[in-house]
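My notes follow the order in which I looked things up.

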Amino acid sequence: MSTRYAHIRSGKDVEIHPSVYIGQNVKIYDGVKIGPHSYIGDNCTLGEPLQAYYQNPDYMHPDTLIGANALIRSNTVVYAGNSIGEHFACGHHVTIRENNQIGHHVSFGTLSDIQGESKFGNYVRLHSNVHICQFSQLHDFVMIYPFVVLTNDKFPPTHLVQGPSIGEYSQIGVHSVIHAGIIIQDNCLVGSMSNVNINLPAFSFFVGNPGSIKGDVRTMKDDQGENLYPWPYRFNRGMPWQELGYDQWKNASS
């Protein structure tokens, strides 16, 4: 694949590896860097200026870094100041506001809205129509399913905003709401349509609205009586332990 420079509007100090493919009607602002073997779909905007651009004559435009092997589908908007790791992928019409730190092998589903100033670990998966508020933290291997909302203002409107923190390997079911400042520890499962307004210790199974902790996910079994959690022992698609098995991968990477 090769870059189609005839079809982009590009700013200053832009670095695009020759192997990058760029579709029709793409706009790239100043300071965007795109790593090799990436794909940018039609009608995308990369490095969108921040609010201060329209108000402050001394506005300084931050760089936007997109790692190698990115797949950014059509009509996605990536604001300036983002740092995105390798093997990033997103669906269509995704909005990624400014100053996120995004790890490797992360994916954001179609119509997801990332409100900025947040941190994402490696192998984080957001399905479609997920809203991530500012100042959130999602650690490695977190999976969030459709129509989940993270909030950061406990007593709106205030200036004292704090997003939730979701620990490694935790799963958040569809249509759930995670409230401002909530801490969900590692390996938790939040059932669908839950309202999470308390902190969850590791391995919690939480469900309901109003919700409560129903037990330890390690006691949950399938129809054959096999343990369902921790889930890395039964699920490996797209994971770094796909060829090795979870225990062998974990030992090799520690």
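**Entry 1: the mixed sheet**

I looked up an open sheet of eleven strands, whose order is β3-β6-β9-β12-β15-β18-β21-β24-β27-β29-β30 with mixed pairing. Its edge strands are β3 (21–22) and β30, and each of them pairs on one side only. For the record, strands (E, at least two residues) and helices (H or I, at least four residues) are DSSP runs numbered from the N terminus. I count two strands as paired if DSSP finds at least two bridges between them.

The model is predicted: local features need pLDDT of at least 70, side-chain atom pairs count only at pLDDT 80 or more, and totals for chains, interfaces and linings use all residues. Numbering starts from 1 along each chain as its sequence is written, and side-chain values use heavy atoms, with hydrogens and water left out.

I then took two pairs from this sheet. Strand β9 (residues 71–72) and strand β12 (residues 89–90) run parallel and are joined by two bridges. I noted leucine 71 with its bridge partner in β12, alanine 89.

Strand β29 (residues 204–208) and strand β30 (residues 211–216) run antiparallel, with five bridges between them. Glycine 208 has glycine 211 of β30 opposite. I recorded β29 and β30 as a hairpin, with two residues between them. As background, strands of a sheet pair through backbone hydrogen bonds, either parallel or antiparallel.

**Entry 2: the parallel sheet**

Next I looked up an open sheet of nine strands, in the order β2-β5-β8-β11-β14-β17-β20-β23-β26, with parallel pairing. β2 (15–16) and β26 (183–184) stand at its edges with a single partner strand each, so one side of each is left without a neighbour in the sheet.

Inside this sheet I checked β5 against strand β8 (residues 64–66): the two run parallel and three bridges join them. Valine 32 stands opposite threonine 64 in β8.

**Entry 3: β4, β7 and β10**

I followed β7 to two partners. Strand β4 (residues 26–28) and strand β7 (residues 45–48) run parallel, joined by two bridges. Isoleucine 28 is the residue opposite leucine 46 in β7. β7 also pairs with strand β10 (residues 77–79), in the parallel sense and over three bridges. There I noted threonine 45, whose bridge partner in β10 is valine 77.

**Entry 4: chain totals**

How many helices and strands does the protein chain have? I read off one helix and 30 strands.

I compared the radius of gyration, taken over C-alpha atoms, with the globule rule of 2.2 Å times the number of residues to the power 0.38. A compact globule of 254 residues would have a radius near 18 Å, and the protein chain has 19 Å, which agrees. The C-alpha atoms fill a box of roughly 60 × 50 × 30 Å along the principal axes.

Of the 254 residues, 44% count as buried; buried means under 20% relative accessible area, exposed over 50%, and partly exposed in between (1.4 Å probe, protein chains only). The protein chain exposes about 12600 Å², with carbon and sulfur atoms supplying 50% of it; areas come from the Shrake-Rupley method with a 1.4 Å probe, and for residues only the protein chains shown count as cover.

Among contacts (heavy atoms within 4.5 Å) with a separation of 6 or more, residues 24 or more positions apart account for 22%.

For charges I took Lys and Arg as positive and Asp and Glu as negative, leaving out His and the chain ends, and placed them at NZ of Lys, CZ of Arg, CG of Asp or CD of Glu. The mean positions of the 16 positive and 21 negative charges are 3 Å apart.

Most residues other than glycine have a negative phi, and most peptide bonds are trans. I listed some departures.

- Histidine 37 has a positive phi of about 60 degrees. This residue lies in the loop between β5 (32–34) and β6 (39–40), and counts as exposed at 51% relative accessibility.
- Histidine 87 has a phi near 60 degrees, also positive. The loop holding histidine 87 runs between β11 (83–84) and β12. At 35% relative accessibility, histidine 87 counts as partly exposed.
- Proline 156 and proline 157 are joined by a cis peptide bond, with omega about -10 degrees. Proline 157 is in the loop between β22 (149–150) and β23 (165–166).
- From tyrosine 229 to proline 230 the peptide bond is cis, with omega near 0 degrees. I found proline 230 in the loop between β30 and α1 (246–253).
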